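I opened this model to look up a few things and wrote them down as I went. The entries follow the order in which I looked.

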Amino acid sequence: MKDRSGRWATATFVTAVALLLGASIATAQTTDYRAPRTGDGNPDLNGIWQTINTANWDIEPHSAAPGLVRELGAIAAIPAGLGIVDGGSIPYRPEARAQRDENFARRLELDPEIKCYLPGVPRATYMPFPFQIIQSRQHVMVVHEYAGAVRTIYMENHTLPPAPTWMGWSNGSWDGESLVVDTRGFNGLTWFDRAGNFHSDALHVIERFTARSADILLYEVTIEDPNVFTRPWTMSMPLYRRVEPNAEILEFRCVEFVEDLIYGHLRKLPITPER
Amino acid sequence: MRTNHRFLSSGSITAAVIAASLMTANLVGAQIPNPSPADGYTVPRTPDGQPDFEGFWSNATYTPLQRGRGVSGEFYTAEEVAAIEARALERESAQTVPGTRADVHYDFTQFGLDRSQATLATGLRTSLIFDPPDGRIPPRTAEGQRIMAQRQEEAGLRGGRLDAVENMNLGERCIIMAGAGPQMMDAGYNSNYQIVQNRDYVMILVEMIHDARIIPLDGREQADPKIRQWMGTSRGHWEGNTLVVETANFNGKNPINGSTENKRVTERFTRIDDETMVYRFTIEDETMWTRPWSAELLMKQTIGPIFEHACHEGNYGLYNTLVGARLEEQLAAEEAAARKPN
């Protein structure tokens, strides 16, 4: 790896500036709690975590509503939620708000979650599935149960994103008690939720993970995307530790579950009811 | 992942020789010994005091799983391996012939990172399997033979490979690739892995389809057998310098040479020098085979990072293959109708 350090010095500087700017926007809530330390002296955020909210349905405050699939009745109905957007409303540009409304109207056809696509950031964090943080000095891995989505957060050798991706390219650093993650390089194909809230490929996400107690992390996010929003905006929510002694990330390999939906019309013989 | 170790360095030959010399014959089942680090090599430790496997690794190899019928002996000489590998690399990176299937499919050398461009994990073995000593998968049980015949019959009833998406292979469908395992194997291309450790877990990220396997080290019991997964559920522990991982609870839908959902895998990872990990696995499946069998691969340190392998999200190949098959059927039907006398 040493042969590339010179080549990427400029990239590191750019990232460092970006992190400073981000830090000025997303300011960690003050807390007296001091997390235990890992072997290399950093706050220990290892564990299996999950949100308890309905943000994946709609990150803005919303009432309960019926679902889209009649046969599923109450199972697929939308639960109410207080929202996770600070201030309650996303500052859309007018044309972007119209796009969001159209996304919502056509969500059965357009929501990338329906096709088991990688969920992007920060949506992966507040989907109704657990995820695990595995820290070493060089890398912080975030492994999600949903679709086996994975994020590698580079704690060293920061670079610019090499190519657009679903989960973005994450550079991380420690700011006192907080893990600060700066993510860019999105492909613009992911959404924030099932309500059609969206962004473009100019999305820039700055996350702060701060331990508030042994089993709760505060998760604060700053969203920037001048193509879609009139100003940066923030969201925040607690992440709860899955404290079951046998807690474990299991497989939700959903590709198999959506094949008939995506490719079923391309069968040689249609599936008959008897099959 | 990009590096150009097209030829063996003397270092990798040395490592392979060391690994090879550690083996003894007639090993039974899971009683496979742990390899030792090379003489004078101290395995680096994490801040938590465990052997440090952190980094990026490749298990790309041309060594076949089973020993070729005409091949005798457990090992080649370094010269023989170099010659075999040079031929294989030349074949793999050869220009495709215009109009052939290989040409219509994207050229893996030009647009992918095939083995001719990867960090090769070359050993001297004539087969990855070293137990049984003949380097071959052991005979099937009577039940195993019955299951294989039944599967073949069921496959026939499902129709041709292009009749429906479920008939196509798991890799084409972006469900799981050969490299994921466990047992982890060369995946043909992108045979890259990232290992990240903390005190209580080892995580192995497989580049292909971003499969992350999380191995708890806390001595917990195996998961309830009602839980069945593509990659099973893994439990690990340290034995000196070696990470031992036992995996069960497979769903049986991703077999290796016919294995069933009763397959259990024991893996042993030992770092023998700075750039080499010896990786051994033992497969036990009493339903399919008359005895356990074991294989050894090397994993070579390679250059990161690993990029996102979003396979399913851009799977135009699968979609277009099915569209093409339906179109061919339609054209054939139209031609047949046109030939019919009025």
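Below are my notes on the chains, their contact, and some single residues.

**Entry 1: the model.** I note at the start that this is a predicted model.

**Entry 2: chain A overall.** I looked up the secondary structure of chain A and found 5 helices and 9 strands. Along the sequence, the elements come in the pattern α-β-α-α-α-β-β-β-β-β-β-β-β-α. Chain A has 275 residues, and 40% of them count as buried. I also checked contacts in chain A with a separation of 6 or more: 61% of these are between residues 24 or more positions apart.

**Entry 3: the barrel in chain A.** How do the strands of chain A close into a barrel, and in what order? The barrel takes 9 strands in the order 1-2-3-4-5-6-7-8-9, with mixed pairing. From one strand to the next, the twist averages 30°. I then looked at one pair, strand 6 (residues 178-184) and strand 7 (residues 204-213) of chain A, which run antiparallel and are joined by 6 bridges. In this pair, A:Ser178 is opposite A:Thr210 of strand 7.

**Entry 4: loops in chain A.** I found a cis peptide bond from A:Val121 to A:Pro122, with omega near 5°. A:Pro122 is in the loop between helix 3 (107-110) and helix 4 (123-126) of chain A. I also noted A:Ala147, which is not a glycine but has a positive phi of about 55°. A:Ala147 sits in the loop between strand 3 (139-144) and strand 4 (150-154) of chain A. Is A:Ala147 buried or exposed? A:Ala147 counts as buried because it has 24 C-beta neighbours inside 10 Å, and the cut-off for buried is 20 or more.

**Entry 5: domains of chain B.** In the contact between them, domain 1 of chain B supplies 6 residues and domain 2 of chain B supplies 5 residues. On the domain 1 side I count 4 nonpolar residues, no polar ones and 2 charged.

**Entry 6: where the chains touch.** I looked up the contact between the chains: 43 residues of chain B meet 37 residues of chain A. On the chain B side, the elements giving two or more residues are strand 3 (192-197), strand 4 (201-206), strand 5 (211-216) and helix 6 (316-339). Helix 6 of chain B gives the largest share, 6 residues. By type, the chain B side has 23 nonpolar, 8 polar and 12 charged residues.

**Entry 7: a hairpin in chain B.** Strand 6 (residues 233-239) and strand 7 (residues 242-248) of chain B pair antiparallel over 7 bridges. B:Thr233 has B:Ala248 in strand 7 as its bridge partner. The two strands form a hairpin with 2 residues between them, and B:Gly240 in the turn has a positive phi of about 60°.

**Entry 8: between helix 5 and strand 3 of chain B.** The peptide bond from B:Pro182 to B:Gln183 is cis, with omega near 20°. B:Gln183 is in the loop between helix 5 (142-158) and strand 3 of chain B. I found B:Asn190 in the loop between helix 5 and strand 3 as well. B:Asn190 has a positive phi of about 55°, though it is not a glycine. B:Asn190 counts as buried because 22 C-beta neighbours lie inside 10 Å.

**Entry 9: B:Trp289.** B:Trp289 is in the loop between strand 9 (276-284) and strand 10 (293-301) of chain B. B:Trp289 is buried, since 21 other C-beta atoms are within 10 Å. Leaving aside neighbours within four places in sequence, its contacts are B:Pro138, B:Arg140, B:Thr141 and B:Gly144. I also looked up B:Leu331, which is 42 residues from B:Trp289 in sequence and 46 Å away in space, C-alpha to C-alpha.

Notes. Residues are numbered from 1 along each chain as its sequence is written. Chains are lettered from A and ligands numbered from 1 in the order in which they are written. This is a predicted model: local features need pLDDT of at least 70, side-chain atom pairs count only at pLDDT 80 or more; totals for chains, interfaces and linings use all residues. Two residues are in contact if their C-beta atoms, placed from the backbone, lie within 7 Å. Ala, Val, Leu, Ile, Met, Phe, Trp, Tyr, Cys and Pro count as nonpolar, Asp, Glu, Lys and Arg as charged, and the others, Gly among them, as polar. Helices (H or I, at least four residues) and strands (E, at least two) are DSSP runs, numbered from the N terminus. A residue is buried if 20 or more other C-beta atoms lie within 10 Å of its own, exposed if 12 or fewer, and partly exposed in between; C-beta atoms are placed from the backbone. Two strands pair if DSSP finds at least two bridges between them. Axes are lines fitted to C-alpha atoms, for helices over the stretch in contact, and angles run from 0 to 180 degrees between N-to-C directions.
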